[in-house]
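Here is a short report on one protein model. It starts with a single side chain, then widens to the whole fold.

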Amino acid sequence: MYYINHEQIRLRLDVIPPLNEACRRLEEEWAGGKEEGDALLLHLAQERTLHLAIETVTDIGSLLIDAFMMRDASDYEDIIDILEGEGVFGGSTASVFKELVQLRRPLVQEYPGIARKGLHPLLPALPPVLTEFAEAVPAFIRKESL
């Protein structure tokens with residue numbers, strides 16, 4: 001019998017709709033055209049949105065890995081590889097998530113040197129894959145718990 005921390009998974013899954021909304025609103029704001037001086041808050045908001053998306057996906061991934069006694073992940077990309085390999089999501093979602101988790105180090109450790117230029121290309125791609133992920137996680141848990 002597996003111990004699945006449903007509460008922690010649900011808390012993190014509940015972050016996905018606000019992240020999707022933030023992605024959509026940031027995309028709309030950038031489409032309106034911003035002067036560089038006016039864009040600072042949008043840059044910071046998108047950096048935080050990307051950071052929370054990374055943490056949400058990897059936290060849920062770690063909870064699943066622990067719950068279903070999958071092999072230990074060596075890094076953030078490995079969390080994505082393990083989840084893809086276990087069938088939580090497919091290759092196209094894994095590709096977006098791998099690109100996403102590669103941003104963690106720049107966002108968390110190398111933030112003084114981040115180039116802040118316009119809308120980050122991952123922001124428009126995130127809502128559909130995050131939505132798919134939010135649906136896939138409970139489906140995976142149900143399937144594996146049988």
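Which backbone oxygen does the side chain of histidine 43 reach? It is that of arginine 116, at 3.4 Å. This counts as a polar contact: a pair of N or O atoms within 3.5 Å, where within protein one must be able to donate a hydrogen and the other to accept it, and where residues adjacent in sequence count only if both atoms are side-chain atoms.

The model is predicted: local features need pLDDT of at least 70, side-chain atom pairs count only at pLDDT 80 or more, and totals for chains, interfaces and linings use all residues. Residues are numbered from 1 along each chain as its sequence is written, and side-chain values use heavy atoms, with hydrogens and water left out.

Histidine 43 sits in helix H3, residues 40–67. Leucine 119 is 76 residues away in sequence, yet the C-alpha to C-alpha distance to histidine 43 is 7.7 Å. Aspartate 78 belongs to helix H4, residues 76–85. Helices (H or I, at least four residues) and strands (E, at least two) are DSSP runs, numbered from the N terminus. Buried means under 20% relative accessible area, exposed over 50%, and partly exposed in between (1.4 Å probe, protein chains only).

| Residue | State | Relative accessible area |
|---|---|---|
| Histidine 43 | buried | 3% |
| Aspartate 78 | buried | 9% |

**Helix H4**

Leaving aside neighbours within four places in sequence, aspartate 78 is in contact (heavy atoms within 4.5 Å) with Arg71, Asp72 and Ala73. The buried residues of H4 are Asp78, Ile79, Ile80, Ile82 and Leu83. They pack against H3, helix H5 (91–101) and helix H7 (126–145).

What caps the N-terminal end of H4? Aspartate 75 does: a side-chain oxygen lies 3.3 Å from the backbone nitrogen of glutamate 77. Just after H4, glycine 87 has a positive phi of about 85 degrees.

**The whole protein**

The protein has 7 helices and 0 strands. Its radius of gyration is 16 Å, close to the 15 Å of the globule rule for 146 residues, so the protein is as compact as a globular protein of that length. That radius is taken over C-alpha atoms, and the rule is 2.2 Å times the number of residues to the power 0.38. The C-alpha trace spans about 55 × 25 × 25 Å along its principal axes. Buried residues make up 39% of the 146 residues. Of the contacts between residues at least 6 apart in sequence, 71% join residues at least 24 apart.
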